[in-house]
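These are my notebook entries on a structure I went through chain by chain.

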Amino acid sequence: MAERPAALLRARDLTVVLGGVTVLDRLSLEILPGLRTVVLGANGAGKSVTLRALHGLVPPASGTVEWQGGRAPRQAMVFQRPVMLRRSALANVAYGLAVNGVDGEARDRRAREAIAKVGLEAIAHRPARVLSGGEQQRLALARAWALEPAILFLDEPTASLDPGAAGEVERIVAAIAAEGKRIVMTTHNLGQARRLADEIVFIHQGRVAEQTPADRFFAEPQSQHARAFLKGELPWT
Amino acid sequence: MDLNIAMNFRRLAVTWMAAAVAASTILAVKDANAQETFITVASTTSTEQSGLFKQLLPEFKKATGIEARVVALGTGQALDMGRRGDADVVFVHDKVAEEKFVADGFGVKRLEVMYNDFIVVGPKADPAAAKGKDILAALKKIEASKAPFASRADKSGTHAAELRYWKAAGIEKPQGAWYRETGSGMGPTLNTASAMNAYALTDRGTWLSFKNRGELVIVVEGDQRLFNQYGVMLVNPAKHAHVKKEAGQKFVDWVVSPAGQAAIAAYKIDGEQLFFPNAKP
Amino acid sequence: MFEIFASLKLALDLMANGNAEFVRVVALSLELSLAAAVLGSAIGLPLGAIVAIGRFPGRRSLIVALNALLGLPSVVVGLVVYLMLSRAGPLGSWGLLFTPGAIVIAQTVLVIPIVAALARQVVEDAWNEYAEQLRSLGVGTGRAVRTLLWDTRFSLLTVALAGFGRAASEVGAVMIVGGNIDGVTRVMTTAIALETSKGDLPLALALGIVLILVVLAVNAGAYAIREWSAIRHG
């Protein structure tokens, strides 16, 4: 086997306790550069918390998250329900840039570009909170994309959307990945996982049960829990 | 456009603060402009509510160009205001307290201005049979019959006078359920008396301009002892350097001048004179 | 009942053919209450937002203190402001006692707790929705405060109005620090108190009705703005 590239991100023994419940239990995980990772697992397995812990939104009770080079790169996250600020679509994207120190003309230009890339130019000046769910999620992707993150976390980004809007979101995620941004995403839609994933991280009861290339995962899952999961889920995919 | 509006919260916040500062500045400037030309007079509710100042102050302003701002309180509070230096002139009616005020160095010199008279009002039916000219006899009857009596109990000039009359009538300290202390000004006390058909001591001016009389009528009037002397004095600039002594002195001089005295005599309600000028020339 | 109808008629009459003095009293009431609402909001809104979002030592005590201040009798506020502004007090040299400025100060002190407490509620609700997204974007506390104040602006307009209502209906403190000086510090509420003590209850009530109508009109206007904005901005 060729020499493994250095991990972009390495989580070691992450334990997260929320409201007295141990949600992540000494979870360890390596995210290598250049891949699209889909995190799978049953409801309550800890998928969302894993993303939040990696992104730094949830402090771990113990364990560490180490980034390549010792410093977290620019990162972004898209949530299941996007939170839009009470201002125009364009201003929402510009806001994210302003927070990250992009000002003036550059901010304006990058916001417009990102809006265009998700196909929302026509409604760039509409108040963001009156847009449809699908439009808001695309706007959330634009806001994240504009930041040029090295890694983008997506937590069930299509769970609240109809199939058409979900397809649109998938195309955008693929386009972002094609620019070399690292994608780490959760979904409960196995079809979506097949379409988007290079590798699957399967989480069971707060621990990584297996981390496998996607084609191999779907052909012959390594862990017993994943096998059970796929069996249970297969009829609906 | 909306991009800029939304992004520049800071600008909005600055505008907001600027508006706030502007608002307060306007108010401050408004005051500062007026500062040179007005004096503050601490006086009593009885004079204010009788409407006397509405007649007096415009004439004073015409004569001197000075605006007199009247804060109407009980005599005790008005003197306190002077003691704290919050008034330039004190214009009240409690000779004993006024003389102490001057003796303590808070007032420059007390000048007598005018008098009106106190009256006792009470229910038309007069359950205590107090009607008459003799204030002391009337109070004795009220006390004996335990008919309700409303007292201001607010350390005002009227309250001080009331207590003196009780004492003179041989009643050291009236008490019992019939004696009700309202702890408020003349008007509110009359409102209370009207509501519960009680007797009350009041100055004639407030009574004449009082509208909510109900069953109340005048029960006692005309006793020499009911005369109520008003005095005016400048707050001592030696105690409070900011006192506007020239403008304040002008007010004092004017109210005891023939012009001021004439203006006081001219004030009438329904043809009845309320205040009788008696400044010593 | 007759008195109430008489007052209604008198109120309408005052508004229809209000003399200069009446208009001046109403205008002064509005002017001072608006100034106090603006000043109180300028301080109270950020204060409420900081308490809602910030995590700092003493935050809980601050919340308790703010809530306690809501119940503060206005006469006490009036008295404290009076003692501060009195010539014998620490701020006596400002010469503000018995001026409109003194009224605004007392009203502002009364407005701040109510605005801060209500703003805290509004901002906290919004923060529950926004917190993850904003932290994900890398927003710090300071910017979060500003962002949420701006994003809840329509609700906060209602909050500022509650402050205005508090200021406009205030009488105890205004009487003490303003002195109810005719033509200078006589506002609607102190005029009502004065007419009441003169026993002219119909006129007092009529002024009260006018006061209610004025406050109502301001609120209706703000409500309309809010509704329109909610539809427009979501």
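**Entry 1: chain A as a whole.** I began with the radius of gyration of chain A, which is 18 Å and agrees with the value near 18 Å that a compact globule of 237 residues would have. I note at the outset that this is a predicted model. Along its principal axes, the C-alpha trace of chain A spans about 50 × 45 × 40 Å. I then looked up the secondary structure and found 8 helices and 9 strands in chain A. Of the 237 residues in this chain, 46% count as buried. For contacts in chain A between residues at least 6 apart in sequence, I noted that 67% join residues at least 24 apart.

**Entry 2: helix H4 of chain A.** I next turned to helix H4 of chain A, residues 133–146, whose 14 residues reach 20 Å from the first C-alpha to the last, close to the 20 Å expected at 1.5 Å a residue. Is this helix enclosed by the rest of the structure or open? I found that 12 of the 14 residues of H4(A) are buried, so the helix is largely enclosed by the rest of the structure. Among the buried residues I listed A:Glu135, A:Arg138, A:Leu139, A:Leu141, A:Arg143 and A:Trp145. I then asked what the buried residues of H4(A) pack against. In chain A they pack against strands E5 (75–78) and E6 (151–155), and against helices H2 (89–99), H3 (104–117) and H5 (163–178). Past the helix I noted A:Glu148, which follows H4(A) and has a positive phi, near 50 degrees.

**Entry 3: helices H2 and H3 of chain A.** I looked up how two of those partner helices pack on each other, and found H2(A) and H3(A) at an angle of about 125 degrees, with their axes 9 Å apart. That angle makes H2(A) oblique to H3(A). The crossing in which H2(A) passes H3(A) is right-handed. On the H2(A) side the residues that meet H3(A) include A:Leu90, A:Val93 and A:Leu97, and on the H3(A) side they include A:Arg107, A:Ala111 and A:Ile115.

**Entry 4: a positive phi in chain A.** Most residues other than glycine have a negative phi, and I therefore looked up the exceptions with some care. A:Glu156 is one of them, with a positive phi of about 45 degrees although it is not a glycine. I located A:Glu156 in the loop between E6 and H5 of chain A. Is A:Glu156 buried or exposed? It is buried, with 20 other C-beta atoms within 10 Å, and because 20 or more such atoms is the condition for counting a residue as buried, I recorded that A:Glu156 has 20 of them.

**Entry 5: chain B.** Buried residues make up 47% of its 281 residues. Of the contacts in chain B with a separation of 6 or more, 76% are between residues 24 or more positions apart. I picked out B:Leu163, which sits in helix H8 (residues 157–168) of chain B. This leucine is partly exposed, with 18 other C-beta atoms within 10 Å. From B:Leu163 to B:Leu274 I noted a separation of 111 residues in sequence and 23 Å in space, C-alpha to C-alpha.

**Entry 6: chain C.** How many helices and strands does chain C have? I found 10 helices and 0 strands. The C-alpha trace of chain C spans about 65 × 50 × 30 Å along its principal axes, and 50% of its 234 residues count as buried. Contacts between residues 24 or more positions apart account for 79% of those in chain C with a separation of 6 or more.

**Entry 7: helices H4 and H5 of chain C.** Helix H4 (residues 74–85) and helix H5 (residues 100–137) of chain C pack at an angle of about 135 degrees, with their axes 10 Å apart. These two helices, H4(C) and H5(C), are therefore oblique to each other. The contact is made by residues that include C:Val77, C:Val81 and C:Leu85 of H4(C), and C:Ile105, C:Val109 and C:Leu110 of H5(C). H4(C) passes H5(C) in a right-handed crossing. C:Phe98 is buried, with 29 other C-beta atoms within 10 Å.

Notes:
Residues are numbered from 1 along each chain as its sequence is written. Chains are lettered from A and ligands numbered from 1 in the order in which they are written. This is a predicted model: local features need pLDDT of at least 70, side-chain atom pairs count only at pLDDT 80 or more; totals for chains, interfaces and linings use all residues. Helices (H or I, at least four residues) and strands (E, at least two) are DSSP runs, numbered from the N terminus. The expected span of a helix is 1.5 Å times one less than its number of residues. Two residues are in contact if their C-beta atoms, placed from the backbone, lie within 7 Å. The radius of gyration is taken over C-alpha atoms; the globule rule is 2.2 Å times the number of residues to the power 0.38. Axes are lines fitted to C-alpha atoms, for helices over the stretch in contact, and angles run from 0 to 180 degrees between N-to-C directions. Angles under 35 degrees count as roughly parallel, over 145 as roughly antiparallel, 65 to 115 as roughly perpendicular and the rest as oblique. A crossing is left-handed if the near helix is turned anticlockwise from the far one by less than a right angle, and right-handed if clockwise.
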